[in-house]
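Please examine the sequence and structure before reading the solutions.

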Amino acid sequence: MKAPLNLRDVSTVRGNLADIAEEDLIQLPIDMENIPWKPLGEEAKDKYCCLLDDMLVLQIPRPQTPREEEELVNRFLEGMRKLFTPENNWTFLPMLETSMNYCAQCNSCSDACHLFEASGKNEMYRPNFRSEIFRRIYKQYIAGEPFAKWRYGDIGLNWMTVARLGELAYRCNLCRRCAQSCPIGVDNGLIAREIRKLFSQELGINPPELHDNGSMLQLSTGSSTKMNALVVRDNVEFINEDFSESTGYEFTTPWDVEGADILLIHNAGEIMAWPENIAAFSIIFQAAGLSWTLSSDLAAYDSINYGTFYDDVQFARTALLHAQAAKKLGVKKIVLGECGHAHKALTVIADRILPQELNVPRESCFPILRDIVLSGKIRFDQTRNDFPVTLHDPCNVVRLMGINKPQREILRHLCPQFREMTPHGVENYCCGGGSGFAIMSRNNIEAWRNNISGRRKMRQICGAFSECLGPETKKYVCAPCSNCKGQIREIIKHSGLLEKNSLQYGGVVELIVNAMVDVNPGFIKWEEE
């Protein structure tokens, strides 16, 4: 039997720190084969620090000499010092210091973590496992507290410790359910994110999906989808024409309207993957008589801000572009479409970086949609939505921001068979693709997302439809977030839930339009159709 994992093992154990067996994973109420978890190749192990669990997210170059090993440790410590100085980390320093100084080791965070539960309670997946490594390094090497190793516990610091800590920061969805459960407010999700930031801003090491194909592409082209403004406008024009014909409701999407009340910013991924979401927003806003517009300025048509997950500098560059576009048009406020991390980026974190002249009001779409639905301006036929519907709560919208009731009021009004997941609201579980994982698939990441990080959400979805599992009844998972939809799409595809259980997914706005009397029946297209 393998010995229990110890914190000090991070600096001494050669090879994998942990192995997760298939029999350790939590059971599901449906038959679902796990995606094979293949050993990483020798080429990857020779080139990168592969020291955790045969998954590789952060491609840290493997030191080849003692000098390179020492350099990695020293650069890490220099970055850590900057994290704890106001001039380098004025965005998150107070919260980080609080989480460094107060932890009772009660493990309430572990009981709240979907990864810890789904992995069979593997020690490496405890939220405070990586936090405690980071905390001990901080106390001994940064804070310089007397007798730190005796007061807080010793930790070996070498290149393996550093490499493992960086990779451990990517064994977390940053859902912050652990922070909500902590009786004294320690935020292990914040600590994981700050470790990611350290590696990106100080060592220049970050996942290519978030940096090269995310932030850099958006800042140069306008969108991480590679669509420039011309391509986006062409795509939206096609969506207008296509859905005007299929719905029998003639609508247009306004662009660059100066002085409009609302600048709506979508996640541009919707335009390519879920055009029905773009069409639905345009139909609803037009039917409600709102004054609104999209912007074709650089990045202003794509609410994605991947810096939220890993790098303050890249986050700030994107947030400034969003605010500048709103200021240029002279709109009264920015409204964010169905994208969870965009909500967090532009409404919560942006408050810490936007100068006063760019501090345009920013709001979620959900209260506005609720007001429209309940206002009586649009006529609805609820029988069009008379199929089982459940709601997934995006972590960054619900738990972080507390936007909990508006979407539920909409679903209760329009969906006769609406039912909640257990638990739900601020107690929800992450979809498993949070913090950028939904767009990653290399080096066993896809297997990790489906076998571990998304496993608890899969059990929730099945539980919500427990009385009607099977292909006979059409069912709808309402997931009002692009990132969550991407992950849930993969869960459904991998588990065969579409064929075996007739399970569909989509957003809130699709359900609203599906019930509109002025729109042809059948806006929601079931996959088999």
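**Exercise 1: the second largest pocket**

Classify the residues that line the second largest pocket.

Solution. The lining divides into 8 nonpolar, 6 polar and 6 charged residues, where Ala, Val, Leu, Ile, Met, Phe, Trp, Tyr, Cys and Pro count as nonpolar, Asp, Glu, Lys and Arg as charged, and the others, Gly among them, as polar. Of the 20 lining residues, Glu 276, Gln 504, Phe 523, Ile 524 and Lys 525 lie nearest the centre of this pocket. Domain 2 (215-369) and domain 3 (380-514) each contribute at least three residues to its lining; the domain bounds come from an automatic or database assignment.

The model is predicted: local features need pLDDT of at least 70, side-chain atom pairs count only at pLDDT 80 or more, and totals for chains, interfaces and linings use all residues. Residues are numbered from 1 along each chain as its sequence is written, and side-chain values use heavy atoms, without hydrogens and water.

**Exercise 2: the largest pocket**

Determine where the largest pocket lies relative to the domains.

Solution. First, its lining comprises 19 residues, including Thr 225, Gly 269 and Tyr 306. Next, these divide into 7 nonpolar, 9 polar and 3 charged residues. Finally, domain 2 and domain 3 both give residues to the lining, so the largest pocket lies between them.

**Exercise 3: a charge over a ring**

Identify the ring whose face lies under Lys 139.

Solution. The ring is that of Tyr 152, with Lys 139 at 4.8 Å from its centre; the criterion is NZ of Lys or CZ of Arg within 6 Å of the ring centre and within 35 degrees of the ring normal. Likewise, Lys 149 lies over the face of Trp 150, at 5.9 Å from the ring centre.

Key:
1 Å grid on protein atoms, 1.4 Å probe; cavity = no way out; pocket = protein on both sides within 12 Å on 5 of 7 lines; lining within 4 Å.
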